[in-house]
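Thanks for coming, everyone. I have one model to walk through today. Let me put it on the screen.

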Amino acid sequence: MAARTNQISEDTIRRLVDRFYARIRADPVLGPIFMRAIPGEWSAHLAVMCDFWSSVMLTSGRYKGSPATVHLRIEGIEPQMFDRWLEIFDETCDALFEANESEAFRAKAARIAESLKLSLFYRPDEVWPRRAT
Ligand code: HEM
């Protein structure tokens, strides 16, 4: 296996995005959610995700979208799926990056996941986090 890198660049972000979504597609829980939302060509989604991570990690400003709005439309998304998403993301970061850089990605992802989860599922009249029924 190639050595882990401490470089956060457009090139290593591309590698992270490619590997992460290859694993997501193969995941028994998340795979079907993504395949239903993106049944055809994945190149546009992967390009958007590279822009997103480039904006987050390199402050390039390339991503202009609104993740909270986009996730509202995703059929079948559940709060507990975010744990699995983060688990795969963390493992992918650890495989590609050295500890400090991996931790920088992981911390950002965890914060964004929490904020997405709140925007999708938080109801002011319910106890948070919602208890499984
Ligand atoms: C259970 C967890 C998640 C699921 C099932 C999920 C699913 C999806 C799907 C299916 C899309 C494509 C939507 C489309 O093009 O129609 C998407 C887009 C996206 N996701 Fe997620 N996602 C999850 C968590 C996250 C997290 C934690 C982040 C950020 C750290 C994230 C960032 C994004 C971004 C930036 C887009 C592109 C939005 C755009 O088109 O502008 N997602 N997600």
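**Walking through the fold**

The protein chain has 6 helices and 0 strands. Read from the N terminus, the order is simply α-α-α-α-α-α. The radius of gyration is 15 Å, close to the 14 Å that the globule rule gives for 133 residues, so the chain is as compact as a globular protein of that length. One caution before we go on: this is a predicted model.

Now the overall dimensions. Along the principal axes, the C-alpha atoms fill a box of roughly 45 × 35 × 30 Å. Of the 133 residues, 11% count as buried. Next, contacts. Take those with a separation of 6 or more: 71% of them join residues 24 or more positions apart.

Let's go inside. Which residues make up the largest nonpolar core? There are 11 of them: Ile13, Leu16, Val17, Phe20, Cys50, Trp53, Phe89, Cys93, Leu96, Phe97 and Phe105. The elements giving two or more residues to this core are α1, which covers 10-26, together with α3 and α5. The most comes from α1, with 4 residues.

Stay with one member of that core, cysteine 93. Cysteine 93 then touches Leu16, Ser102, Phe105 and Arg106.

On to helix α6. How does the span of α6 compare with what 1.5 Å a residue predicts? Its 23 residues should span 33 Å, and its end C-alpha atoms are 32 Å apart, which agrees. The buried residues of α6 are Ser102, Phe105 and Lys117. Note the lysine in that list. The cover over these buried residues includes α3 and α5.

Now a few individual positions. Start with the loop between α3 and α4, where threonine 59 sits. Its phi is near 40°, a positive value in a residue other than glycine. As background, most residues other than glycine have a negative phi. So is threonine 59 buried or exposed? It is exposed, because there are 8 other C-beta atoms within 10 Å, and the cut-off for exposed is 12 or fewer.

Arginine 62 is found in the loop between α3 and α4 too. This arginine counts as partly exposed, with 15 C-beta neighbours inside 10 Å. What does arginine 62 contact, leaving aside its neighbours within four places in sequence? The partners are Asp51, Ser54 and Ser55. For a distance, take arginine 62 and valine 48. They are 14 residues apart along the chain, and their C-alpha atoms are separated by 8.9 Å.

Move to the loop between α2 and α3. Glycine 40 is there. It counts as exposed, with 8 C-beta neighbours inside 10 Å. From glycine 40 to serine 66 is 26 residues in sequence and 22 Å in space, C-alpha to C-alpha.

Two aspartates to finish. Aspartate 18 lies in helix α1. With 15 C-beta neighbours inside 10 Å, aspartate 18 is partly exposed. How far is aspartate 18 from aspartate 125, C-alpha to C-alpha? The separation is 40 Å, across 107 residues of chain.

Aspartate 90 is in helix α5. It has 16 C-beta neighbours inside 10 Å and counts as partly exposed. Aspartate 90 and serine 55 are 35 residues apart along the chain, with 19 Å between their C-alpha atoms.

**Recap**

The chain has 6 helices and 0 strands. I'll take questions now.

Technical notes
Residues are numbered from 1 along each chain as its sequence is written. This is a predicted model: local features need pLDDT of at least 70, side-chain atom pairs count only at pLDDT 80 or more; totals for chains, interfaces and linings use all residues. A nonpolar core is a set of buried Ala, Val, Leu, Ile, Met, Phe, Trp, Tyr and Cys residues joined through C-beta atoms within 7 Å. A residue is buried if 20 or more other C-beta atoms lie within 10 Å of its own, exposed if 12 or fewer, and partly exposed in between; C-beta atoms are placed from the backbone. Two residues are in contact if their C-beta atoms, placed from the backbone, lie within 7 Å. The radius of gyration is taken over C-alpha atoms; the globule rule is 2.2 Å times the number of residues to the power 0.38. The expected span of a helix is 1.5 Å times one less than its number of residues.
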